[in-house]
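Dear colleague,

I am passing on the structure we spoke about, and below it you will find my notes on what was found in it. Please read them with the model open beside you.

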Amino acid sequence: MSKKVKFIVFKYDPLSEEKPHYVSYMQEVDRREMVLDVLERIRKNIDPTLAYRHSCHHGVCGSCVALVNGVEKLLCKTRVFNVIGRSNKVVIEPMRNFKVIRDLVVDLEPFFTKLRIITPALIQSQVSQDRETPQSPQNVEAMKQYEECIECGACYSACPIVASDPLYLGPAALMVAYRTCLDERDEGKMERLRLVDSEEGCWRCHNNMGCTEVCPKNVDPASAISGLRRMILSRRLVLWRGRFG
Amino acid sequence: MVKEEKQSHPVKLSSIRAWFDFKRKYINNWLFMLHRFTGVALTIYLILHVKTVSLLTEGKEIYNTSIKEFETFGWLIVLFLIIIIGIFHGLNGIRLFLYQFSFGVKHQRTLSITVITLTAIATVLVAYILFI
Ligand code: SF4
Ligand code: SF4
Ligand code: FES
């Protein structure tokens, strides 16, 4: 089964154009086709200047996120028939909260900078060259959900607080901070908690849950932010008890 | 077929307008937006309330005549709305408070639906008390 679908695509080249504009393409779409497949066809047959990111086509690399009818989606995992509704129309736009480099390609640098700030790797004072650091199966289980993150930026785009406060660390960085704090092999927990226990850290989140809603890997960054708050509060409670108890 | 299209484009970088994006159609976003609208409404009410009560400092007579102006059906509807808004804001506030401290994280949807259901029940009850 196939259908004629109208694709309305955001086009913008900040180097030569003052304002973005939208171009529509009518396409015959098969029911199995993903939005990315159609974009590939448009680029090949109609508009070779159309710019978008893609790599794995399997929902693994996290490079193809864009807004599909206003919602952050992995283009390679979004079936056209699932998003057209009754209007038979698909609007494709770049992610929110990022500067557009060209068409659907955005500058992800602020997102990755914030990830780097919280040191997303294990911090260990002594690393043995010939032996693995053991981790209990329970600890692996507790972290599993957060390990699924493919650093696609969808949550960062969906967060209204990032939009109003560009300094806010954002859901992905905070989720990674929580994940590393959960890791029993890590020795940087106190340092990270100090970092996120700040105005631009986990207290800035206003529980809109947009991040959790759009995450293509069901990571649930909002629950991680809540977990961070609980860790910080228990740490404060311990300090407080030590002082007055 | 290729055609130029007219379309408003996504919310700009660092814009408070992003807080009120009706394209995000999920329950927590509706509650998030409503919480802000009701917060502003309650603040306005509070200011008006304090202003009215402060008339007492100008004497009993003045206060009584001004308060009489509020005894209309129109103001009764405003009062009704304020009570509902207050109830919603309070209930949603409790949900947010619990969430802030990591309680019920896995039951967010249920909690959000509970807030909406309780507000709906309260609306019917308050309407019954005020108007029937
Ligand atoms: S948490 Fe989800 S939405 Fe955010 S970067 Fe990771 S995979 Fe993407
Ligand atoms: S829950 Fe927090 S981090 Fe997630 S979208 Fe909302 S404000 Fe942003
Ligand atoms: S192309 Fe890799 S996730 Fe879509």
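Two residues are taken to be in contact when they have heavy atoms within 4.5 Å. Please keep in mind throughout that this is a predicted model.

On that basis, 33 residues of chain B are in contact with 46 residues of chain A. The size of an interface is often given as the accessible area lost when the parts come together. For chain B and chain A the buried area comes to about 3400 Å², with 54% of it on carbon and sulfur atoms.

How many salt bridges are there between chain B and chain A? The count is one, and the pair is Arg96(A) with Asp21(B), whose closest N and O atoms are 2.9 Å apart. Across the interface of the two chains there are also eleven residue pairs in polar contact, counting pairs with both residues at pLDDT 80 or more. On the side of chain B that touches chain A, the elements that give two or more residues are β1 (2–5), α1 (27–53), α3 (73–100) and α4 (108–131) of chain B. By class, that side of chain B has 14 nonpolar, ten polar and nine charged residues.

Within chain A, the assignment gives domain 1 (2–106) and domain 2 (109–244), and the C-alpha centres of these two domains lie 31 Å apart. Where they meet, 13 residues of domain 1 of chain A are in contact with 15 residues of domain 2 of chain A, and the two domains bury about 980 Å² between them, 60% of it on carbon and sulfur atoms. On the domain 1 side, Glu72(A), Asn97(A) and Phe98(A) lose the most area to domain 2, together 53% of what that side buries.

Between the two domains of chain A the count of salt bridges is zero, whereas seven residue pairs are in polar contact, with both residues at pLDDT 80 or more. Strands β3 (65–68) and β4 (71–74) of chain A each supply at least two residues of the side of domain 1 that touches domain 2, and β4(A) gives the most, with three residues. The residues of that side of domain 1 divide into eight nonpolar, three polar and two charged.

Finally, a search of the whole structure finds 19 salt bridges over all chains. One of them joins Lys4(A) and Glu28(A), with the closest N and O atoms 3.7 Å apart. This pair links distant parts of the chain, with Lys4(A) in strand β1 (residues 2–11) and Glu28(A) in strand β2 (residues 21–30) of chain A, 24 residues apart.

With best regards

Notes: Residues are numbered from 1 along each chain as its sequence is written. Chains are lettered from A and ligands numbered from 1 in the order in which they are written. This is a predicted model: local features need pLDDT of at least 70, side-chain atom pairs count only at pLDDT 80 or more; totals for chains, interfaces and linings use all residues. Side-chain values use heavy atoms; hydrogens and water are left out. Domain bounds come from an automatic or database domain assignment. Buried area is the accessible area (1.4 Å probe) that two parts lose on being put together, summed over both. A salt bridge is a side-chain nitrogen of Lys or Arg within 4 Å of a carboxyl oxygen of Asp or Glu. A polar contact is a pair of N or O atoms within 3.5 Å; within protein, one must be able to donate a hydrogen and the other to accept it, and residues adjacent in sequence count only if both atoms are side-chain atoms. Helices (H or I, at least four residues) and strands (E, at least two) are DSSP runs, numbered from the N terminus. Ala, Val, Leu, Ile, Met, Phe, Trp, Tyr, Cys and Pro count as nonpolar, Asp, Glu, Lys and Arg as charged, and the others, Gly among them, as polar.
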